[in-house]
Number of protein chains: 2
Amino acid sequence: MKISAAESLVMEAVWRKNPLAAEEISAEVAGPQGWTEATVKTLINRLLKKHALAATRDGRRYLYRPLVARADYVGAESQGLLDRLFDGRLAPLVSHFSEKGALTAEDIAELKKLIEGFEP
Amino acid sequence: MKISAAESLVMEAVWRKNPLAAEEISAEVAGPQGWTEATVKTLINRLLKKHALAATRDGRRYLYRPLVARADYVGAESQGLLDRLFDGRLAPLVSHFSEKGALTAEDIAELKKLIEGFEP
DNA sequence: CACGAACGTTTACCGATGTAATCGATAGGC
DNA sequence: GCCTATCGATTACATCGGTAAACGTTCGTG
């Protein structure tokens, strides 16, 4: 099942550090998003139903851990974008940014280094 | 206003060739998506309300043309992904794909050529 | 001139999502 | 042992998005 935008912010918190209690997740995301704790609770529950989070009891509360790896989520989202907009290929995306003049010198240096690094 | 996934397929048709009549847009997208013409009509109307399409009368029908450039749409979607998942930077995205072993030799060659090409 | 076909417009409906309050159980303090 | 604060679970509700049918208007044809 798909992780929604709001839900992904909860996942990010748990990916950064886990396991986390609901209260800790709230502390991480509620403020920045202007959410109440109730909202975070709802998101946590939806993620449990989607098997994106696991809960283990810890006394009176639960501790939550991710069941999907961030790399998998990131990979699916990225591949989805490439497929929808760039014919599934990475080079046209890079090309798009360069044509837009959206690459800093640092970006270019970084890319250069990367690409030299992974020759076969 | 945001262009949804289904709506974007209509936009793609109009970006490929325009202006197009509703019937022509349907011919392009309804079949592949398993949509009826009614569905395409709805999407066209929502895009008109969002000012993503413009319509000019042509006898009994309308002809539609895009009001947003594909490059703008692609740019916003891409930047959004980078911001949400890669700290707004391009290199980590490329790095992600390479680490996943998701780059073919051709991809690498293409990227190499691109990056050599756009030195400042 | 009336009727029907072809358009666009309006309305419908359901599931997902964002956002949150309320309910119910339970554990700790008095 | 009982009450209350604290959790998680349940319920709520509005909007959006996907999908489509019904409606209304107009133009061409018989």
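Residues are numbered from 1 along each chain as its sequence is written, while chains are lettered from A and ligands numbered from 1 in the order in which they are written. Because the model is predicted, local features need pLDDT of at least 70 and side-chain atom pairs count only at pLDDT 80 or more, whereas totals for chains, interfaces and linings use all residues.

Start where the two chains meet. Here 27 residues of chain A are in contact with 27 residues of chain B. Contact means that the C-beta atoms of two residues, placed from the backbone, lie within 7 Å. On chain A, three helices each supply at least two residues of the side that touches chain B: α4 (70–85), α5 (90–99) and α6 (105–117). Helices (H or I, at least four residues) and strands (E, at least two) are DSSP runs, numbered from the N terminus. That side of chain A holds 16 nonpolar, five polar and six charged residues. In this count Ala, Val, Leu, Ile, Met, Phe, Trp, Tyr, Cys and Pro are nonpolar, Asp, Glu, Lys and Arg are charged, and the others, Gly among them, are polar.

Nonpolar cores come next. In soluble globular proteins, nonpolar side chains tend to be buried together. A nonpolar core is a set of buried Ala, Val, Leu, Ile, Met, Phe, Trp, Tyr and Cys residues joined through C-beta atoms within 7 Å. A residue is buried if 20 or more other C-beta atoms lie within 10 Å of its own, exposed if 12 or fewer, and partly exposed in between, with C-beta atoms placed from the backbone. The largest core has 21 residues, and A:Leu90, A:Val94, A:Leu111, B:Leu90, B:Val94 and B:Leu111 touch the most other members. Helices α4, α5 and α6 of chain A and α4 (70–85), α5 (90–99) and α6 (105–117) of chain B each give it two or more residues. A second, separate core has 16 residues, including A:Val10 and A:Leu53. Back at B:Leu90, the residues touched include A:Val94, A:Phe97 and B:Leu82, leaving aside residues up to four places away in sequence.

Some backbone details remain. Most residues other than glycine have a negative phi, and most peptide bonds are trans. A cis peptide bond joins A:Asn18 and A:Pro19, with omega about 0 degrees. A:Pro19 sits in the loop between α1 and β1 (20–21) of chain A. In chain B, a cis peptide bond joins B:Asn18 and B:Pro19. A:His51 is not a glycine, yet has a positive phi of about 60 degrees. A:His51 counts as exposed because it has 10 C-beta neighbours inside 10 Å.

In chain B, β2 (residues 53–58) and β3 pair in the antiparallel sense over six bridges. Strands pair if DSSP finds at least two bridges between them. B:Arg57 has B:Tyr62 of β3(B) as its bridge partner. Two residues lie between the strands of this hairpin, where B:Gly59 takes a positive phi near 70 degrees.
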